Amino acid sequence: MTANTGKPARAIPGQPDMWVLVLFEALVFTAYFAVYLFHRSAHSELFLRSQARLDPRFGTLNTLLMLTSSLFMLRCVQASRAGAIRAAMTSALITGLLGTAFGVSKITEWIRLVHGGSGFTSNEFFEYYFFLTGIHFLHLLIGFVAIGVIACQLRRRERRSQEVVETCATYWHTVDLLWVLIFSLLTW
Amino acid sequence: MNAQAKRRALIVWLILSAITLAYLPLDSWVDSQGTYRASSVVTTIAILLALVKARFIFREFMQVRNAPTLLGRLTDLWVLMIGAALLGSYFLGLGHVS
């Protein structure tokens, strides 16, 4: 622990193990993205025709929701660090609500696509689309657990572990980071 | 809570949101004959914008900016690696057009 000298200490945000997980996850997703892009450029007509069935407004809205949730998660961490527990709890709650809005929007988009005849087995593009967005959705659900852990820590007030709060926040930002990449690759 | 840190986070969020909205005009896959055409320029811009956003998220939201230099270098290396992997895969795939 560093004494408060007025300057931010150069410490790893959260537990280092979480960063190992983050970089590992990022590498796994990079492999998925690389395979997807290879096939996309090799079969561009099919992929672009399928991509055109996606409504870019959903992707844009979802990205804005995730980015905003990350902003509030950062505020939660900053408030917790400053001992402003009520503000931290409010930011964690808003993060959770924005994540929920993202989830509802994603499910709505899936339903709309399936009703429009574009399901998982429709073609190669939609296999990638549902696989990548599905895996990401799973990460989102785990992210809700992370927010729950943060809320539990904040309720402990003085006995809370700032390291655990930052570790869970790092996970949530990873969910945002992965979505930003998925949005860019699948929608455009 | 530090007001300066709060303002900085808000500015970063505005930049990231603006980049997200900048994707909308990129949606131009169909040519005048109604055929779907891949545009390497559009794909490259989309990937580069994603990498810029990823670096912003790492440094500002994930607070790597205030972390030890090694973590900053590792995340920068990751951004470069994913950029090379994505652009490499895309252009490699163009050589296998079916």
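Author: Let's begin with burial: a residue is called buried if 20 or more other C-beta atoms, placed from the backbone, lie within 10 Å of its own, exposed if there are 12 or fewer, and partly exposed in between. By that rule, buried residues make up 27% of the 98 residues in chain B, and 45% of the 188 residues of chain A. Please keep in mind that this is a predicted model, where local features need a pLDDT of at least 70 and side-chain atom pairs count only at pLDDT 80 or more, while totals for chains, interfaces and linings use all residues. Residues are numbered from 1 along each chain as its sequence is written, and chains are lettered from A and ligands numbered from 1 in the order in which they are written.

Reader: Thanks! What makes B:Q63 count as buried?

Author: B:Q63 has 24 C-beta neighbours inside 10 Å, and the cut-off is 20 or more, so the label is buried. B:Q63 sits in the loop between α2 and α3 of chain B. Its phi is near 60 degrees, a positive value in a residue that is not glycine.

Reader: How many helices and strands does chain A have, and how many does chain B have?

Author: Chain A has six helices and zero strands, and chain B has three helices and zero strands. The calls are DSSP runs numbered from the N terminus, with at least four residues of H or I for a helix and at least two of E for a strand. Along chain B the order is α-α-α. The C-alpha atoms of chain A fill a box of roughly 60 × 30 × 20 Å along the principal axes.

Reader: What share of the contacts with a separation of 6 or more in chain A joins residues 24 or more positions apart?

Author: In chain A that share is 78%. For chain B the corresponding figure is 58%.

Reader: How do you know that α3(A) and α1(B) are roughly antiparallel?

Author: Helix α3 (residues 56–81) of chain A packs against α1(B) at an angle of about 170 degrees, with the axes 10 Å apart. Axes are lines fitted to C-alpha atoms, for helices over the stretch in contact, and the angle between N-to-C directions runs from 0 to 180 degrees. Angles under 35 degrees are roughly parallel, over 145 roughly antiparallel, 65 to 115 roughly perpendicular and the rest oblique. The pair is therefore roughly antiparallel. Where they meet, α3(A) contributes residues including A:L64, A:L67 and A:L71, and α1(B) residues including B:A9, B:W13 and B:L16. This contact divides into nine nonpolar, six polar and two charged residues. Nonpolar here covers Ala, Val, Leu, Ile, Met, Phe, Trp, Tyr, Cys and Pro, charged covers Asp, Glu, Lys and Arg, and polar covers the others, Gly among them.

Reader: Why are α3(A) and α6(A) given that description too?

Author: Their axes come within 10 Å and cross at roughly 165 degrees. That value is over 145, so α3(A) and α6(A) are roughly antiparallel. Their contact has 12 nonpolar, nine polar and three charged residues.

Reader: Which elements build the side of chain B that touches chain A?

Author: Overall, 45 residues of chain B are in contact with 46 residues of chain A. The elements giving two or more residues to chain B's side are α1 (3–22), α2 (40–61) and α3 (69–94). Its largest share, 11 residues, comes from α3(B). By class, that side has 33 nonpolar, nine polar and three charged residues.

Reader: What makes a group of residues a nonpolar core?

Author: The members must be buried Ala, Val, Leu, Ile, Met, Phe, Trp, Tyr or Cys residues joined through C-beta atoms within 7 Å. The largest such core has 68 residues, and A:C76 and A:L181 have the most contacts inside it. Elements of both chains give two or more residues to this core, among them α3 of chain A and α2 of chain B. The helix that gives the most is α6(A), with 15 residues. Not counting residues up to four places away in sequence, A:L181 touches A:F29, A:F33, B:A50 and B:A54.

Note on methods
Contact = placed C-beta atoms within 7 Å.
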